[in-house]
Structure formats: C-alpha cells, structure tokens
Amino acid sequence: MEDGTFLTDDFLRQLINVGEVDILVGLPTHNNARTIGSIVQTIRSGILRSFPRERAVIINADGGSRDGTPDLVRAVAIDDARPASNLYALRTLHVIGTKYANAPHNGVALRTILAAAELLRAKACIVVSPEFESIQPDSISNLLHPVYNEGFDLVSPTYRRHKFDGLLMTNLLYPMIRALYGIRIRESYMTEFGFSGRVGSQFLGQNNWSDSVGENGVELRFTLAAISGGFRICQSFLGEKEHVERRAADLVPTLRQTVGVLFSALESGFDIWSPVSGSQPVPTIGSDPDVLLDPLRVNRKRLREMFTTGVNELESVFQSILSPSTLTELHAIDALGEEEFRYPAQLWVKTVYEFAAAYRKSVINRDHIIQALAPLFRGRVFTFLVENRNGSANDVANNIEALCLEFERLKPYLLEIWKSKQ
Amino acid sequence: MNPNTDALWYKDAIIYQVHVRTFHDSNGDGIGDFLGLEQKLDYLQELGTNALWLMPFFPSPLRDDGYDIADYDSVHPSYGTLDDFRKVLDSAHKRGIRVIIEMVLNHTSDQHPWFQEARSSQNNPRRDWYVWSDTDTRYKGTRIIFLDTEKSNWAWDPDSKSFYWHRFFNHQPDLNWDNPAVREQMWNVMKFWLEMGVDGFRLDAVPYLVEREGTNCENLPETHTIIKDLRRRLDEHFPGRMLLAEANQWPADLRPYFGNSDEFHMAFHFPLMPRMFMGLKLEDRKPITEILQQTPEIPPSCQWSLFLRNHDELTLEMVTDLERDYMYDMYAQNKTMRLNLGIRRRLAPLLNNDRRRIELMTSMLMSLPGTPIIYYGDEIGMGDNISLGDRNGVRTPMQWTGGWNAGFSTADPERLYAPLIHDPVYGYPAVNVVSQRESEHSLFHWTQRIIEVRKSTAVFGRGSIEFLYPANHRILAYLRRLGSETVLIVNNLSSAAQAVELDLRPHKGNVLIEMFGKNLFPRVGELPYLLTLGPYQSYWFRMRRV
C-alpha cells in the first residue's frame, strides 16, 4: 500500500460521516466471532458508563474475517436508525470498520486505527484485543481516563496474571527496558493500551510503515516511541488476563516481534537510553499488578531439553555472539543435572546484553541472532519456573525485582560491549 | 385556503406569544396594556404572524404572573378594560390575526371570591368547589411540581382548619372538578370569552384536574372525560375555535389528550424542545429523531404545537437525569439560571447570541411537524435578566427602540413593572425593533423571511414527515409531504462544515429548488445526493419534477 493512500474510499467516507470524536476505540480483529460479541458489548458499556457525553467511535480493523466478526462489532452501534433499540444513550455511538487484508496483521491494523484517530482528531484512543474476554467496563475507563482527563499520552496495561504468564515480559522486556530507559513499564508489548492523539500522530508519521519490519512488533515499537519521545506515560490496572497456551513454535516469531524490535530500537535510540541510570516507577491507576498462584501444568523437562539441544547445536553461532566467559558459563550450567540446573540472573543478563550488542554489530544475520536466543530463553524460563514453583506472590515479585536490579547493575557492561569493536 | 374560515386554521398558524404587561404601555404607567398592544398589531402583521397567544390578563394578585386568577370574567385593571380587550380582538381579526387566550382551569388564586367563600366555613355552599382534607397524607403518590418552593401539595388553611390541595404554588388552590357545579361554572367562563370572539384557549395545567387515591393524580380518565365534555360544548356552540393543551408529559401520555379528535386540537410537544437544544449542543441529531420516533400519530385534525422558548423555564421534566445534568452543564452552568427542573433563560442568551444557531433552531422550529410559537422578543434576539427572581428575567419589557424606556413606555424608568435589559450585548440600545427594521440582514428580517417561506406552502403545517438517516449524524434531514408536494429539509447541527450524502433515489428525476433564493440545485439521480453545508446551515428545498 502506498503511503497516504492506504485507507479505502469506503472507509474514508465512513470517517467523514463520523467527524471529529473525543474517544476512539480501535479493535483489530480476525475471525474472532467466538469472543468479539461480549467484548464489544463491554466496550459499549464502558463508554456509556464513563463517557456518556463524549463523541465516540469504535473502529474495527479486520484482517479478512470469514466468520462474521465485523457484523458482530457493528451490531453494538447506537444510532437513530434503529428505533427498536431500547438502550439509553445521550448521543450516537458510531461503529465503523474496514477490511484491510485477507490475513491478520497487527501493524496494518494499528496503522489503520492511528490514521483514523488522526483524521477524526480523537483526543483519547484505546486499542483492545479481540481476545481479552475478561475485559470489564471499568477497563475501558481505566485506559481512557488518564488520557482524556489527566493528560497522559500512553496508558500501558497491568493485569492480574498467573505467575507463569508473560515470562518473556518478566524475564527480558520489562527488566531490560526498565534498565535501559529508566522507566518501569510492566507491559511494554501491549495488546490493550490507551494513547493520546498526539502520540498517535507522531508515531504514525515517524514509523517506517513501508518497511515490513516497521509493521512487525508494532505494539512494542509504539511503547518505545512514546518513551523516546518523552511523552507522559502511566499504567492502568485492567483486571485479570486469561492464561493463553502457546505452542513452542510460537516463540521465535514472538521474539522477532519483541526482542528483535527492542534490539533494533536500541540502535537509533542510543543517545536516549545510554545516559540513563537507575529507574523510576510510572504512575499506576488502580491496583498494582497482581499474580495468580493456582497450579499450572508446565513441561519443564522439555524446556531443559530444548536448552541443551540449542547450546550444543548452535555452538558456532554462540561463538559469534557471546563472550568466551559467557559461553563457558553456559556450558557449565548445561552440564548440571535437571535438579541442579539454574540459569542465574547475572548470566542471563549478560547473555541478553551480549545478544543486543551482537545484533547491533550484525555479527551474523540479525534474524539468526534472534532465533539463537530462543533455546537460552527456554533455559531461563526453566529456572524461573523452578525458583518460583512454590513462591508466593511476594516471592515472585521479589525475584522479578532482583532480576530487574541485575539488569540495571550490569547496564555499564552493555555500554562497554556496545562500543567495543569486538 | 382562507385562514379566516378554515376550521383547521391552527395548523397553518404562526403564533406569537406575548404578555400584555410586557409589550407596550399606552398610558405611561409603566405597565403594558391592551391599547398599547393594539398599537403594535401592525408589527405582528409585519412579522408575518397570524395568531396571538395572550398570557393571563385577568384580575389577579399576580403572585404567579397572572396564573393565579381572582376573577375570570374581567381583565386586570393595569391592562385596561374589557372594552380595551375587545378593541384588541377586533383589530387583530381585521388583520387576519387570531387571538388565543389563557384559561387556567386547574386552580384559582386564593384571593378568588370562590376560595374566600369556600374557606370561610366548612358548610359554605362553595366549600366543595375546592379539594379539602383533614390530613395532608392523601394522594401520596403525587409529585411536587414547584420543587424549589413547595414542600407538599397540601397547604393548611387556618381559617377553616383543614388542608387544601394545590399542585402549584400554595396560593393557588386546585378547583374540585368532581363537582358538577365547578364544571358548569368553568364552561360558563369559557363561553363568556368565546362569545366575545376569542379564537382559542390555551388550557393551563390540564393533566392535574382530577385527583384519585392510589394514582399520581395526572392524566386520569376522569380528566379526559372533562376535556371531552368541554370540547363537545365548544364544537356545538363555537365551531372553528381551538383548544390547546398545556400538558408537560411524554408523547405517549400526551396522545390521549387528542382523543379521537374529540379532546384538544393542539398540544405542546414539551419533550421535543429540550432535545432540540440537546441535539444542537451534542452536534448529534439522535435526541431529536428519537423523541419524534416515539411521538405517536395523532388524528388528522390535530396538531402539535412547537416552541423554542416561552415565558417559563426551559423545562427539563421530560428528560432523563443524564440528559438534565448535561443540559444544566451546557446551558446553565451558573446555578442562578436554574429554576425548578429547568433553565430560566431566553433563546438568544441560551445560544450565546450566535446568530447561526438561532437561525438553525428557528429553521427547525418552522419546519418540523407542528405549529410554531414565537416568544415575544425572540425574533429580535432579546436577552434576559437572571438577577430578577422566578421567571421574571424572561418577561422584561419589549425593546422597541433605542430611546426612552426602549420605546415601551413613557413612564419614569423606576415605574416600569420590570427593569429593562441594559447590558451591552442584549440591552435595548443594541437590540431593538427599530434598528433591526433598518438593517436588511437583521434577525427580525430573517425571521420575517422564514415565516414568509413557511407560509408559502401548507406542507409545513399539514404535511407528513419522513426522516432520512444519512450516515453523517450531524445532519438532521427530513422530507415533508402533502399531496404531490415534497419539501426536503437539511439541517447541519455542527459548528463545522459538513458533507452529507442523502439517499433520494425514490425522488429520482426531481430537481431541488432552494426555497429562500429559489435557485436550482442538481437533479436527483441514482447516486447518493451530495450536499455540503456550512456551520449550522439549514437548507429548505422544494422538489419539483421537470
């Protein structure tokens, strides 16, 4: 799609009819008929309850659903052409949509939503995942209110999650972004978030949308852009987030969209993150992030095996990426029995930092670097599971905090290897 | 159509509402009077109005601006004599202007001789002309209307040591319509004025005529029986005269007041008015279309009466709590502007004196189904004075000129019944009839023009309405049809320019003729009809197949 003309005429006509809005809810979908009905009802309730006076629109960016998802979204519109509706509302609630492709693509969906937000001059916007089934009307307010009423530019979510959910977030993204940028955002790879028209427009204008990399991992890219741009950021508690089973094969694409995006952003943002030391909490609306402790079945043995296989099979790759001492330590822990195996925090942080530096220097193909991180991450996850197996919520929080501090403590090491030629 | 002989004249009327006291003072005592009003009938004719609604002018202690009547068969001496009233009536009729007067059926003043007799002893023959009780606990389910001043619908009468029923102020005891003598007497009152030649009555507070235990004492079947009886007598003895209901109710509750063309000819559409203001502020047609969708069909001979502002507060009784809060915040942030459940402000100040918004609201008033009522002074954009108590701030003297007392009276200013508006924006030096007459583009001349265009076709007073629902919700568009005539109205409720696509395919082949400038617009085809409208702009198109 050509820049500037990627919105269809039909969608543009719909936007003209909507006109300026105060509130915009973006809803990227693709075959979500099972969940979308209740989610859009909740969104509507949240708007009517908390923003009954504001001009609002729900924008459905659909990746070619074949299960009637767009129809289910449109059904929650409130307008005067449906006199049978007994729903009370002060004003029209618009629901418009566009089908941008025949396959889902978060980047295209977000770009569509951002473009709509800019054209409609939306003051406060949110994006909601079509899979967030436990969403409550208050969640809508919690995301919108800080932007609409308090002048924040980005509202990052926090959730009540199972202690073993979001392990990439807790073991890498959160501590590393915190250490590098000095800002404690728990969920930087956001599936639900709020933002101001201001930050939306800036991101829309600056992100390289014609580059497919620019569209991958767009959620994290958005967070990093807000941080780098010095926008006002806060967190908002959205309640419980359901545990989603992931296949092992999903890890590499996920790493590309998260760690790959982060490593890539470090290059251009060096001047911003390099002088930062320590970290500061961001204002949090509602409860603090919380963890659920109920038993969860995880195949730790498989994780351990994948770690060992990776360390052995990727030896030559690791030699290009890791320092000799780190590689030696990896071999040492790999030799440990299952009961004794631990991937300690210090070694994990050094590993990640060395991967980041290697990525910057493109010591090998960058995608191979990201792929090579996968088995090591599994080893780290194994350790996290073991260390927190019987841990209380406090124990888990303390362990994550300790890891964060380790990332902060070793940041000079990253700066050192970042600048070195080797 | 001959408005003087047509029995449905009220459907084509443009009603001008005025209080005698406020309009023009002929004898220099500081109070408007009938002879002063007569002198200004040319003005009403010039404006284009063809019906005059006079607020209460009967003898009264004036504790509720005349709605507390102390004698139904005379006029208040401040306003002149019965003969003076007859002169107004005759002069108006000569100009083709009908005269509608106020009739307060529900209650009298506590100074009325009937009540004085009734309270004098429990055995007085007139005792049963009012509603008495030994306790103040009867009719518990009845709401209090004047919440700001009244704590109960019962008031203690120390003379006869019992409570009397009043739905409005405590000095306005309700008549007992269960008493046949009251019914007969009130018909005699109406007959007195009908024989004199008045063309219609605005019957005040009709839902409250009858009380029954276990009900909310509003809209009771017995009330409808009374109205039907009055209507039957009216049609029998005075055909062509009109009854207009003041019943501040939801449309579905109002519908029975039309009966089967055997109760009221007209009724105010109270819930529509605040929603027009709401739709304007929201820039969203939904409140307007929604209430009109809920408005039931009425018999062909009946008519809604529409208004933007009147002598009362902008009533917010027929809105939800959410809507009321919104209206207060948008139109009456200053709490002194609020009264009871409403906003005591005039049209121009409500709309921030924005000429475009005034024109848009007037355009809707003139083109939606019903008979429009213009409150005196709104045609020149008069302001209000919220420092005056109750609703007196919207009842200040008419501003005729920029000279002495605004041309209203030759009295010393201190003797005027109410102070003139003096502020720099709305004061009479800036806003007055003479200066607006001289300005081609004044609000007065614009109002005159829209009345003229409205009167150029019967479709507005008598035609059906069909809403178009363009995807642009800021646009309120509808078709008015009568016989082979179709008029398209397109209103932009937004402060910004808008584009709108209208589905006019059923009218394919017609050209649109803009009704003010008579210019041709493109022919309607298969494709959506694209229009662009400036901020708050309104189009009236006549459709014509050529």
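Student: What follows α6(B), and what is its phi like?
Tutor: B:Gly197 follows α6(B). Its phi is positive, near 125°. Bear in mind that this is a predicted model.

Student: And the helix itself, what span should its 17 residues have?
Tutor: Helix α6 of chain B covers residues 180–196. At 1.5 Å a residue, it should span 24 Å. The end C-alpha atoms are 25 Å apart, which agrees.

Student: Which residues in α6(B) are buried?
Tutor: B:Val182, B:Met186 and B:Met190. Seen down the axis, the buried residues of α6(B) fall within an arc of 65°, so they line one face of the helix.

Student: Why do residues three or four places apart point the same way?
Tutor: Because an α-helix has 3.6 residues a turn.

Student: What covers the buried residues of α6(B)?
Tutor: The cover includes two strands of chain B, β3 (98–104) and β7 (200–204).

Student: What's exposed on the other side of α6(B)?
Tutor: B:Pro180, B:Ala181, B:Glu184, B:Asn188 and B:Glu195.

Student: New topic. Where is B:Phe516 found?
Tutor: In a loop of chain B.

Student: How many other C-beta atoms lie within 10 Å of B:Phe516?
Tutor: There are 13. A residue needs 20 or more to be buried and 12 or fewer to be exposed, so B:Phe516 counts as partly exposed.

Student: Which residues does it touch, leaving out those up to four places away in sequence?
Tutor: B:Phe516 touches B:Arg449, B:Val453 and B:Trp540.

Student: What about B:Arg454, how are the C-alpha atoms separated?
Tutor: By 10.0 Å. B:Phe516 and B:Arg454 are 62 residues apart along the chain.

Key
Residues numbered from 1 in each chain as written. Chains lettered and ligands numbered in written order. Predicted model: local features only at pLDDT ≥ 70, side-chain atom pairs only at ≥ 80, totals over all residues. Helix = DSSP H or I, 4+ residues; strand = E, 2+ residues; numbered from the N terminus. Contact = placed C-beta atoms within 7 Å. Expected span 1.5 Å × (residues − 1). Arc of directions from axis to C-beta.
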